[in-house]
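Work through these exercises with the model open. Try each task before you read its solution.

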Amino acid sequence: MARINLRKISPTKRYTVRELANKLNITPRAIYLKLKDGLPSFPMKKKLHILGEEFIEYEKTKRVKRKQYIKESEFWCCSCKNKREPLNKEVKIEDFSQTNKKVQKNTILLTSVCPVCKNQMFKFSNTSKIEEIKSMFKTKE
Ligand SMILES: [Zn+2]
């Protein structure tokens, strides 16, 4: 699913499903899925309407949740759009601050493979967590 640009939504406006979908350049079906998932709406002139403010709130909560729910033992798979445990619990550790000077010192890059789609998954961590990471995964450096 494409990333939703919340700046296109005015908090004080109300939108029909179709208007909202057009504004965000996503399908009405994607909006219906959000409604089913708990996005608040109200009926007006026989059509469902969504308040801009409530939509923004809903999306923001979603984003926070998505972040929090990933456990130390999990990665976020960008292809599956889901959290996954690495294939065979194998994780490659790279000292990222050595290769990329822009990142903070002690930043490490963890690479693993998604067990479902077999694409690579990435996650940043910190050298202070290396022992914990090593106890959780089969690591390669
Ligand atoms: Zn995947």
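**Exercise 1: Leucine 6 and its surroundings**

Task: Which residues does leucine 6 touch, leaving out those up to four places away in sequence?

Solution. Leucine 6 is in contact with Ile56 and Glu59. Keep in mind that this is a predicted model. Leucine 6 sits in the segment before β1.

Task: Is leucine 6 buried, exposed or partly exposed?

Solution. Count the neighbours first. Leucine 6 has 15 other C-beta atoms within 10 Å. Then apply the cut-offs: 20 or more means buried, 12 or fewer means exposed, and anything in between is partly exposed. Leucine 6 is therefore partly exposed, because its count is 15.

Task: How far apart are leucine 6 and glutamate 131, in sequence and in space?

Solution. Along the sequence, 125 residues separate leucine 6 and glutamate 131. In space, the C-alpha to C-alpha distance between them is 39 Å.

**Exercise 2: The three-stranded sheet**

Task: In what order do the three strands of the open sheet lie?

Solution. The order is β1-β3-β2, with antiparallel pairing. Now look at the edges. β1 (14–16) and β2 (42–44) each have a single partner strand, so one side of each has no neighbour in the sheet. From one strand to the next, the twist averages 45 degrees.

Task: Which helix packs on this sheet, and which strands does it touch?

Solution. Helix α1, residues 17–24, packs there and touches β1 and β3. The direction of α1 makes about 100 degrees with that of β1.

Task: How many bridges join β1 to β3, and how many join β2 to β3?

Solution. Take β1 and β3 to begin with. They pair antiparallel over three bridges. Arginine 14 stands opposite leucine 51 in β3. Move on to β2. It pairs with β3 (residues 47–51), also antiparallel, over three bridges. Methionine 44 has lysine 47 in β3 as its bridge partner. Finish at the turn. β2 and β3 form a hairpin with two residues between them. Lysine 45 in that turn has a positive phi of about 50 degrees.

Key:
Residues are numbered from 1 along each chain as its sequence is written. This is a predicted model: local features need pLDDT of at least 70, side-chain atom pairs count only at pLDDT 80 or more; totals for chains, interfaces and linings use all residues. Two strands pair if DSSP finds at least two bridges between them. Helices (H or I, at least four residues) and strands (E, at least two) are DSSP runs, numbered from the N terminus. Axes are lines fitted to C-alpha atoms, for helices over the stretch in contact, and angles run from 0 to 180 degrees between N-to-C directions. Two residues are in contact if their C-beta atoms, placed from the backbone, lie within 7 Å.
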